[in-house]
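Could you walk me through this model in my viewer, one selection at a time? I would like to know what to pick next and what I will find there.

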Amino acid sequence: MSAEGPRRPAARRGRPGRLQTKTGIALLHDEVSGHTYDVRLKLTKEVLTVQKQDVVCVSGSRPSTNHRTVSLRRQPVGGLGLSIKGGVEHGVPVVISKIFRDLAADQTGMLFVGDALLQVNGINVESATHEEVVHLLKNAGDEVTVTVEYLREAPSFLKLPLGSPGPSSQPGSGASSPLFDSGLHLSGTSSNTAPSSPSSPVANEPKYEKRWLDALSLPLSMARVSRCRAGADTFRSSAIQVQALDGVSSGPLQFHTAQEHADWLRVVSANISELMLQNIKVANKCCSPCDQVVHMGWVSERLGGAGSSQTFRPRFLALKGSSLYVFVSPPVSTLDWVRAEKTYHLCEVLFKVHKLWLPDDCWAQASLSPGLQDPDGGDHAPFCFSVLVGHGGSHVFGVELGSELAAWELSFQRATFRAVQRTGSKTYACGGQGDTLCFTVDFALGFTCFDSKTKTVLWRFKFSQLKGSSDDGKARVKLLFQSLDTKQIEMKELEFQDLAAVLYCVHSFMAAKVASVDPAFMDTQSIAGRYMCSS
């Protein structure tokens with residue numbers, strides 16, 4: 001659960017289940033350089049826009065380049081009125097990190113926090129060290145001409161808000177550091193004894209403003225939001241990443257507080273989910289009533305077993321008709337459904353809530369079927385579920401929110417129960433006491449075993465007569481039935497090629513049978529739903 005923290009006034013919460021809008025500041029993490037950049041996020045009903053700050057000419061003659069050449073008059077009190085950070089020795093340019101109100105730099109109206117220094121009095125400083133630029137500026141005389149360019153992706157630690165407190169360097173110390181502000185608001189070297197007035201404005205002189213400009217727009221229809229980067233072995237606790245259907249990504253977006261992170265994850269997920277429901281409605285218009293899409297969405301799949309280095313990959317799951325589809329990318333047309341990476345019949349899979357993380361960092365494991373072993377431990381996300389399939393196979397998937405886990409759990413139950421009712425019965429070849437037999441699970445009749453050649457029924461029991469079972473985890477299973485007449489327990493031993501598929505089928509049919517006579521059964525089986533309510 002997210003820690004409580006201050007909420008930004010700009011954030012606007014919508015009602016649950018409704019498309020929401022929101023704006024706020026985040027840090028965009030560059031995974032190559034390791035730096036973070038200030039960005040503004042604008043969330044609308046269908047699009048997430050990432051904005052970056054830039055300095056733009058709003059009036060006057062527009063320059064042919066993004067460079068600005070600005071003349072400063074050093075003042076006896078206040079000097080140049082700015083501070084700088086950075087230097088080539090640290091792999092970052094020298095940028096203006098502070099501008100002091102009503103002093104020389106501020107009076108020009110043409111310099112901004114985040115401006116990179118390119119020249120000082122005609123001397124190129126793009127490859128200069130921090131100390132060299134400080135020395136040059138302090139000894140440049142009363143008239144200082146600087147050429148600058150706004151650095152849109154300046155690392156956030158290089159920039160501070162307008163009017164922030166004074167520099168850390170002590171007056172007269174002569175010491176400076178590229179990662180701390182070197183103040184040039186001191187007197188410096190100047191021969192003037194009287195205050196100098198600001199420069200007179202020049203006719204048609206360009207006027208500049210710092211503005212947020214759209215850098216990237218991500219449509220949210222079929223988009224994916226996650227804290228996990230594909231191929232990574234950890235989850236980012238304070239960052240999210242949004243990837244559009246066309247593969248364009250926001251990059252890792254970091255937030256200052258856990259509450260901001262939780263809020264953005266929630267509202268972006270909510271909008272994606274709402275748009276996904278609209279996509280499902282459109283898809284179902286082209287599907288027959290028995291082949292409707294029940295639920296679909298993005299998950300993170302864990303790769304590698306226990307004790308190995310675990311990696312994750314995004315997968316798109318869809319519950320449609322009687323099948324579970326696993327896609328690399330979402331199906332956007334009717335023809336795309338045939339290109340699923342994996343397809344499983346819902347009667348022969350088992351859904352399990354694998355781990356639920358609690359506020360005190362404990363976890364409660366939920367087993368939905370006694371006697372069935374868990375996959376290897378070590379889940380990778382706070383909200384995980386397993387899909388167990390035939391021949392002992394399994395997938396472990398993670399989602400970002402408890403509400404998503406509850407939605408998948410309920411959707412799996414509904415889709416499986418419908419699949420059982422549509423299928424009606426499943427028959428499996430098996431062996432028993434040296435004979436070749438067939439074992440049928442029938443929604444109306446229960447369990448039937450008959451000779452595969454003569455079709456002679458050997459025995460038949462209702463679902464309610466099954467009192468227990470045991471298996472060797474490989475091929476053999478013992479089913480314990482209670483006779484309606486004698487009340488005695490009869491044991492039937494069978495052997496199957498794919499025991500797991502048969503056991504999951506028995507579980508699906510029995511659960512569907514109970515749900516058909518007890519409408520509240522699904523609610524009592526919803527572990528994730530109960531957890532969400534209790535939280």
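Start by selecting Glu490, which is partly exposed at 30% relative accessibility; buried here means under 20% relative accessible area, exposed over 50%, and partly exposed in between, with a 1.4 Å probe and protein chains only. The term salt bridge stands for a side-chain nitrogen of Lys or Arg within 4 Å of a carboxyl oxygen of Asp or Glu.

Before going on, a word on the model: it is predicted, local features need pLDDT of at least 70, side-chain atom pairs count only at pLDDT 80 or more, and totals for chains, interfaces and linings use all residues. Residues are numbered from 1 along each chain as its sequence is written, and side-chain values use heavy atoms, leaving out hydrogens and water.

Next, select Arg476, Glu493 and Glu495, which are linked in a network of salt bridges. The count of salt bridges comes to 12.

Now go to Asp115 and Arg68, whose side chains form a salt bridge of 2.6 Å, N to O. Asp115 lies in strand β7 (residues 115-120) and Arg68 in strand β4 (residues 68-73), so this pair ties together parts that are 47 residues apart in sequence. Helices (H or I, at least four residues) and strands (E, at least two) are DSSP runs, numbered from the N terminus. Asp115 is buried, at 0% relative accessibility, and Arg68 is buried too, at 2%.

Then pick Arg227 and Glu400, another salt bridge at 2.6 Å, N to O. Arg227 sits in the loop between β12 (224-226) and β13 (239-243), and Glu400 in the loop between β22 (394-399) and α4 (402-423), so the pair ties together parts that are 173 residues apart in sequence. Arg227 counts as buried at 10% relative accessibility, as does Glu400 at 7%.

For a helix, select α2, residues 130-138, where His130, Val133, Val134 and Leu137 are buried. Look down the axis of α2: its buried residues fall within an arc of 100°, so they line one face of the helix. That arc is taken from the directions from the helix axis to the C-beta atoms.

Last stop, the cysteines. How many disulfides does a search of the whole structure find? It finds zero, a disulfide being a pair of cysteine sulfur atoms within 2.5 Å. Select Cys287: the nearest cysteine sulfur, that of Cys286, is 6.5 Å away. For Cys430, the nearest cysteine sulfur belongs to Cys449, 5.0 Å away. Cys430 is buried, at 7% relative accessibility.
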